[in-house]
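Trainee: I have the sequence and the structure open. Can we go through them with a few questions?

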Amino acid sequence: MRTRTAKLITLFLVGSVFALVLLVSDRPVQVPQPPEPELPRAVVTLGDSTISGEGAGDYLPGTDGRDGNWCHRSSEAMVHQLRLPTDVKRFNLACSGAKAGTVGLDSGSDDGRPSQAGQLARLAERYRITDIVVAVGANNEPDFVGVLNACVRAWFTKSSGGCSRRLRDEWPDRVAEMRPKVADALADIKNVMRRAGYSRDSYSLVLQSYASPVAPGIRPDLRGLSGCPLRTVDVRWVRDTAVPQLSEGLREVAEQQDVRFLDLARAGYGHEACTTPSESADTEWFRRLAVDWQDLEHDERAPHAMQESFHPNAAGYERIAGCLEDFLPSGRQQAECVTTGDGALRVAPLDGNTAEPLPGESSDTVTPP
């Protein structure tokens with residue numbers, strides 16, 4: 001009898017819970033509405049200094065140190081050099097020094113920088129975003145700027161084995177520690193777009209990697225403070241080992257997150273800093289050691305006096321933009337930018353990948369005019 005009573009009580013409880021579930025599930029669930037077709041289209045870049053425009057000069061008001069804002073968003077940044085239809089808006093949310101948390105939705109520990117994904121969310125309500133390009137990761141555990149600074153110090157101190165002697169063993173671990181943070185940032189971006197009503201095939205999300213700003217071919221007369229105070233052994237490690245390993249780590253993240261990947265590891269070959277007699281020559285696409293002597297006179301600006309060093313210059317951003325604008329409508333999931341004999345960058349298959357259309361590739365992806 002007790003067993004029968006227990007069964008009846010159990011059935012009653014299960015039935016009550018089921019009824020409650022039906023009651024709750026019967027309430028209308030808000031589904032995000034897709035962006036209105038008549039909204040103006042937009043291309044957005046997010047990330048760090050290599051996409052904000054650091055090194056190109058002509059920084060937008062408010063991003064050159066005012067109130068502590070050193071984002072260095074340049075009018076010569078890559079997004080502003082893309083050839084796009086005149087009705088397509090461009091937005092550069094990138095900030096020099098940004099880490100993956102800032103690019104995503106977790107910016108609390110990144111020197112007070114606001115979330116770029118949060119800013120993207122506001123844009124997604126006002127514009128129909130077709131393409132998002134992200135460059136991030138080097139300021140996390142790899143600390144690529146810190147690596148170059150260490151290599152400059154090794155030149156000054158004539159350190160045995162250079163900076164690469166210590167770094168080559170720990171570099172793969174640094175890249176591995178970076179990967180989940182970049183993955184989280186990309187996941188945040190996708191979630192922001194989903195909450196704004198975008199389906200995954202209604203926009204293109206691209207993760208791009210980094211180019212080596214230096215190469216073993218530094219001119220002897222420029223191997224100093226007037227150019228590139230770096231040792232050949234260190235420069236060779238940066239170009240041939242560190243940058244490719246960083247790119248491979250980012251490529252794996254792109255595959256994991258199912259986003260597109262543009263490899264820039266070889267994008268500067270033959271056009272690195274200190275490879276020509278004159279820095280103003282169009283054949284150099286990266287800044288040499290750059291010191292703003294006026295900034296050194298002010299305590300609050302002095303830490304940023306060499307911030308532009310070893311970043312793309314305006315010509316470099318122009319070449320990268322040319323490669324990107326070929327990649328965006330190409331349908332390739334992965335590709336790389338390689339130099340050509342006529343001083344340009346072109347899109348090439350990555351590791352022999354053939355050009356395969358993306359599943360559900362949106363016809364809204366911006367095509368250059």
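Trainee: How many bridges join strand 6 to strand 7?

Mentor: This is a predicted model, in which local features need pLDDT of at least 70 and side-chain atom pairs count only at pLDDT 80 or more, while totals for chains, interfaces and linings use all residues. Residues are numbered from 1 along each chain as its sequence is written, and side-chain values use heavy atoms, with hydrogens and water left out. Helices (H or I, at least four residues) and strands (E, at least two) are DSSP runs numbered from the N terminus, and two strands pair if DSSP finds at least two bridges between them. Strand 6 and strand 7 (residues 345-349) run antiparallel, and the number of bridges joining them is five.

Trainee: Which residue of strand 6 is the bridge partner of D263?

Mentor: Strand 5 (residues 260-263) runs parallel to strand 6, with three bridges joining them. The partner of D263 in strand 6 is E336.

Trainee: Why is strand 6 described as largely enclosed by the rest of the structure?

Mentor: Buried means under 20% relative accessible area, exposed over 50% and partly exposed in between, with a 1.4 Å probe and protein chains only. Strand 6 (residues 334-339) is largely enclosed because, of its six residues, the number buried is five.

Trainee: Which element gives the most to the lining of the largest pocket?

Mentor: A pocket is an open set of points on a 1 Å grid over the protein atoms alone, where a 1.4 Å probe fits, with protein on both sides within 12 Å along at least five of seven lines; lining residues have an atom within 4 Å of a point. The largest pocket has 47 lining residues, and V145 and H311 are among those nearest its centre. The elements giving two or more residues to this lining are helix 2 (49-52) and helix 6. With seven residues, the element that gives the most is helix 6.

Trainee: How many residues has helix 6, and what span does it reach?

Mentor: The expected span is 1.5 Å times one less than the number of residues. Helix 6 covers residues 144-157, and its span is close to the expected 20 Å. The helix has 14 residues, and from first C-alpha to last it reaches 20 Å.

Trainee: Is F310 buried or exposed?

Mentor: F310 lies in the loop between strand 5 and helix 9 (314-327). Its phi is near 60 degrees, a positive value in a residue other than glycine. Most residues other than glycine have a negative phi. At 8% relative accessibility, F310 is buried.
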